[in-house]
2 protein chains.
Amino acid sequence: MLATTGPIDLSTRPSDDTPGFEGAKKDARRLLPGIGDALMDSQELLFANGRAGTTERKVLILLQGMDTSGKGGTLRHVAGLVDPQGLKITAFKAPTEEERQHDFLWRIRRQLPESGMIGVFDRSQYEDVLIGRVRQLVPADEIERRYDEINAFEREFVDGGGVMLKCFLHISADDQKERLAERLEDQTKYWKYNTGDLDERALWPQYQQAYEIALERCSTEHAPWYVVPAGRKWYRNWAIATMLGETLDGLGLDWPAADFDVEEQKRRLATM
Amino acid sequence: MLATTGPIDLSTRPSDDTPGFEGAKKDARRLLPGIGDALMDSQELLFANGRAGTTERKVLILLQGMDTSGKGGTLRHVAGLVDPQGLKITAFKAPTEEERQHDFLWRIRRQLPESGMIGVFDRSQYEDVLIGRVRQLVPADEIERRYDEINAFEREFVDGGGVMLKCFLHISADDQKERLAERLEDQTKYWKYNTGDLDERALWPQYQQAYEIALERCSTEHAPWYVVPAGRKWYRNWAIATMLGETLDGLGLDWPAADFDVEEQKRRLATM
């Protein structure tokens, strides 16, 4: 999965692409449990160091995408692979009254994962340059400033030991139409449907453009954006799980050393 | 798994018992993924109703037990079976300065799961009548009052739509000795070891007595205590996963109805 650099035209990117994956759907599905076991092991190393106070490292998976792009499915099937003790999920909704009293990054900072943890953001600071831009919720010059503020904020997180995996779950307008239609055909999915979804869908080109700008302005060396083709759910899950695994293994952590005298403790335990 | 009623003598309860389970270790391990799939489905129903605002129901799994009894393992292997979006885990440590400025239930209330959620407490309000009693952190009459306060608090939670699964993970002093020794033999487990664990172990009989009192005083009809034999990890996982599944299915929830005109939405979507 290559990080995005420079200008990007989402309309030229097929949503059913499967970069990096060799094989068929059934292979990806079959692989996922094995990836999950390896992820749990790598995560335990991170978590152990967090508990022991021997690392500043933390990982944040940031999920953005149009409605039905699979943010919830990624949480269920990918975040669900790791030990929930070491996981901190935050779903950002429309800002509350209290949140609106602060700058847009205030609520984001409060939810950053601590050392040793894997955080997942279901939507994020990017909403403020996406819906914020499309719906003109704030003046244009304020939107402009936010890209730089986001970059500076992400730089700070990375300088403090964080790794940010920014995943844009890329679907086509046809993918969305099919998925919304499915929700309307299945009474076990009504709860996922909001009438407002169609109002947003009506602004599809504007949102794609807002994403293109955000991806261009905020795909940095310290916190690159990844365009994850999400037309095939099995690929999306495989790709994000694989990225997370590679990220964890890339931290190069080792088990924390004992901060006590092991032999002395053994002797004491033997007498009890 | 039978709820505890009346006085209880933990020393007569084998920790390697497997009540309710027919079969061998390999069967329980083999069953767990299947239980997990069913759990995810039942949980989605609860979560969907929470999102739709059509239920007040919520479930709290409360885990208590001596060091090494498997609270962390239960989180990893049982809580890890469900969708992390619908899960809220809280590990209670020694109270912070701020928490000590409030009554002992203040920090507990703040972490209760919302409607539609499954909460898990790794330690809980019971610490305040366990270590609180054994270490005489507060006067005896204050400890006495706390049992009633806990019962009233739990009644309130249940009246508000909650179900509380209070699980005492029961191990023997020999089980603990073996598990602590394992941690001291394995450098990948040093991080789980604290020298203070042996100071607590030295008070084993006092802790067992404190548990017996708490279980007797606070196993109520609305929030019973379950003694889960936890000498065999596979049984502990199977038993708690099974209890959780039965609890979710017992809520008798149905999929939330559409709060919009389905046919009208289909027509609008078709034009887009």
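Guide: Let's start with A:Arg145, which is partly exposed at 42% relative accessible area (buried is under 20%, exposed over 50%, partly exposed in between, using a 1.4 Å probe and protein chains only). Keep in mind that this is a predicted model, where local features need pLDDT of at least 70 and side-chain atom pairs count only at pLDDT 80 or more, while totals for chains, interfaces and linings use all residues. Residues are numbered from 1 along each chain as its sequence is written, chains are lettered from A and ligands numbered from 1 in the order written, and side-chain values use heavy atoms, leaving out hydrogens and water.

A:Arg145 pairs with A:Glu142 in a salt bridge, their closest N and O atoms 2.6 Å apart (that's a Lys or Arg side-chain nitrogen within 4 Å of an Asp or Glu carboxyl oxygen). Both sit in helix α6 of chain A, three residues apart, or about one turn (helices are DSSP runs of H or I, at least four residues, numbered from the N terminus). A:Glu142 counts as buried, at 19%.

Back in chain A, shared partners join A:Asp128, A:Asp141, A:Glu142, A:Arg145 and A:Arg146 into one network.

How values were computed:
Helices (H or I, at least four residues) and strands (E, at least two) are DSSP runs, numbered from the N terminus.
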